[in-house]
Every structure is written in structure tokens, then in C-alpha cells.
Amino acid sequence: MTIRRGLLSNHFRGVAVKRLAAVDANPESSNQHEVTGSEPLVRILGRDDRKFPRGGEDNRFPATYIWIAGEQEALSEEGWLSWYDARRNDPKRSAEWRLYYQGNAVTSMMKAGDVLFLARKPDDHLLFIVTPDDGTIRNQLIWLFGLDGQIGFRFESQEIGSDNDAELDFAARYILDELGIEPEEPEADRLDSLIEKFGLTFPSTSVLSGLARMSLPDVNARDDPDEALVLWMEREEQLFRRLERRIVAERIREGFATAEEVDVDGFLSFSLSVQNRRKSRAGAALENHLAAVFDTFGIRYARGAETENRNRPDFLFPGQAEYRDITFPAARLTMLGAKSTLKDRWRQVLSEAARIEHKHLLTLEPGISENQTDEMRAKLLQLVVPRRLHQTYRLSQQAWLMDVSGFLALVADRQA
């Protein structure tokens, strides 16, 4: 049983990208909220004026403005974007296309050198996404849309269709989730049948992890541990989101109002609990599936064993007893942190096992910035990433990354 996925073209018709100049990002530089257009942007937005004429029909593009830099560093606002030829009424002069944006909390964050992604959805809704130039999310969006990583001050564009469509695999779905987009499930009926027995109650993460592996009988970690880990995580995420949708829908139907007033605090608390559950379960699921991989290969390990100062690395090889035995060679000890997403939390693992100088950290986060991976190398922290996700990293990073198979070989050799 393989996993069926949606396509990028289900969500986007095209995308354009440019580095913001001072005149684009700072209205005081031009007295306007405008970004200068060009032919690549015309291919995405078309040649018709989309603006609000006085006394006429509003045909501006509906837009979501997004500023995103990292964890807990994101803003979004709904609004509009105007697109027009400023020389429309002067046929003797060539077209001068301009994109007029609204002033809001997102555009006030923009500065020269930031990167603007303008993505058009099938319903003509635009995403106006601004990111710092050196951030991980910038790398992720470049990879998602198949764009050139060398971004200049003029727009470059990419139409999305049958010739260059992409399947929404684990990495793509991760990035869409960062943008607040949750793809529809082509296998919704199949997934619903698998979770039917849980009703409106979340099972333990270990139970859901076991169900995810059981539902993919053709996936064997011994054949390809890198691929198995990603597929198991992808399936568990699908199962969890379908069950979550069912449970959340029921809670919303119940409402957040009493006879006297609307329970705003109750709604906010429930919303926060949904987000926290997603994050905590993703981390636990990753550990569950890693343990299944280690068991398949007969690797000895301790999960959550205590080291110094009550630290508990996610995985300690070969175990706690060997770690505490000062006569056991430190060169044969290994530790592995496991974090489904890193953000800036990777430094937490540096102090988790003092006897082990070179530490390992496995993540499923695509396209981490070079600044962060360079710092990891300097701190003697080796990043382990499933092989399929290596393509989301720059070529200069890929040679350094370790995959799951390579990590297994390293640990097996130390345990021989």
C-alpha cells in the first residue's frame, strides 16, 4: 500500500520572487506602497489592470500578507493587491507595471534585502510572502517552487502546471503547513476507515505510530530505512490530522458560548491546545518510528536515559549502563537527538551527554539555512536527515549531511 498525495498545482498557478530594494520596501523612499513589476510577473498576474477605479467594480486581487522568519516569528493579514499598467493611457510609451500593496503589520516589517514571494492560487487569491534573505524558510520556498536560488532585484517567475508539477511529499507538506495551508487528502476515505475505531478520542502516540506502520505493509525499514522513516511519519501525520479534524469540528459545533457571554478565553485555550498537541505528538512519533528502525537492525539503545545534570538524550547507544561505566570507551558511545523541527532548539542537545564529544541530531526539517548548519559543524554536532530531504538543502550542505543509513552503519560498527 503506497501513499497517494496531492499536487502543487492544486494550490498554486504560479509564483514570482525578487529581492526587495529600498524603494520597494520603504514607502518613504518612493512615497508609494509599490513594487515595480516586469515581464516575469506579468506571466503570473496577466496583462489586465486589477485595481479599484472610482465608481467602478473592485477587481483587485484578494491577498494574504505573510511575514515569516522562524518559530514564533510570523505574521499574517488579509487584504488586497492592485496590479496595473501605469502607462495604460499613454499608447506611445511602453508598459510600466506596478504592484500596489497595502500598509499593514506585515509590510511594515519589510526591509531592503528581504525576499518577496508572490504566489497566485487557482482561485486568483495571492500570497504576498516576505522572508529574511538568510533564513531557512527562504530556502524551503525556493525548493518548493523550483526557483533559482540566486535571487536578484528583478522578478523571476515560475508557472506551475503539467510540465513542472510536483507531488506534495513530506517536505512539501511541511512547508505548506508553515504557510498555514493544509492540503486535502486524496486518501480521505481510506484514512477515515483506519481511525474509525478511535471515535472522538486521541489514542496514545505509540498506538497511532503502530497503526501508521501497519497501514503500510510494503514499507520495510531493512530495505530502505531512510524512506521507511519518512513514509511512516507521513502516514502518521495524515492519520492524526484526519482524527484531529473530526475532534475539532465536534468541539466547534458545541460552541464557545454560555447563556451570559461568549467564552473567548475558552476558545483561545482550545486553539492553543491544538497547536501544542501537534508539536508534541510529532516529536514523540519521530522517536517511535526511529525506535522501530533501530529494532529492525538489532541496534542496542536506551531511550530517554539520564546522563549528567538530569539530562535525557532521546537515544543513547548502546545504553545507560555503558555510558555510566567510566571504563567503557567513550569512542564507542553515541547519542542521537530527535527533533521533527529544529528552529533554534538544536543547541539544547549540546549539553545532553558530556562524555560524547561528537553528537548527532536527526531532524525532518527541510532546507535549514547554511548559517545554522555551519554553526552545528563548529559545535561538533552532526545533522542526520533522511536521504529524500537532502535535495531541499544547498549543494554545499549536502556533502556534509548524514542520512539514516549512514547513522545506522556508524552505530552498528561501534557496537560490533
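I count a contact when heavy atoms lie within 4.5 Å.

**Ground rules.** I am working from a predicted model, in which local features need pLDDT of at least 70 and side-chain atom pairs count only at pLDDT 80 or more, while totals for chains, interfaces and linings use all residues. Residues are numbered from 1 along each chain as its sequence is written, and side-chain values use heavy atoms, with hydrogens and water left out.

**Entry 1: Q238.** I started with Q238, which lies in helix α8 (residues 225–254). Helices (H or I, at least four residues) and strands (E, at least two) are DSSP runs here, numbered from the N terminus. Is Q238 buried or exposed? Q238 counts as buried because its relative accessibility is 0%; the cut-offs are under 20% relative accessible area for buried, over 50% for exposed and partly exposed in between (1.4 Å probe, protein chains only). Leaving aside neighbours within four places in sequence, I found Q238 in contact with I3, R4, R173, E185, E187 and L191.

**Entry 2: the open sheet.** Next I looked up an open sheet of 5 strands, ordered β9-β10-β11-β12-β13 with mixed pairing. Its edge strands, each pairing on one side only, are β9 (302–303) and β13 (381–384). I call two strands paired if DSSP finds at least two bridges between them. Strands β11 (residues 334–339) and β12 (residues 359–363) run parallel and are joined by 4 bridges. Within that pair, I noted A338 with its bridge partner L362 in β12.

**Entry 3: the cores.** For me, a nonpolar core is a set of buried Ala, Val, Leu, Ile, Met, Phe, Trp, Tyr and Cys residues joined through side-chain atoms within 4.5 Å. Which residues touch the most other members of the largest nonpolar core? They are L290, F294, L336 and L383, out of 54 residues. Elements giving two or more residues to this core include α5 (170–178), α8, β10 (315–317) and α13 (404–415). The largest share, 7 residues, comes from α9. I also spotted a second, separate core of 26 residues, with L127, F145, I175 and I181 among them.

I then went back to L383. Its contacts, leaving aside neighbours within four places in sequence, include L342, L361, T363, Y393 and W400.

Entry 4: How many bridges join β3 to β4? I read 9 between β3 (residues 61–70) and β4 (residues 73–85), which run antiparallel. P62 has W80 in β4 as its bridge partner. On to β5 (residues 97–101): β4 pairs with β5 over 5 bridges in the antiparallel sense, and W83 stands opposite L99 in β5.
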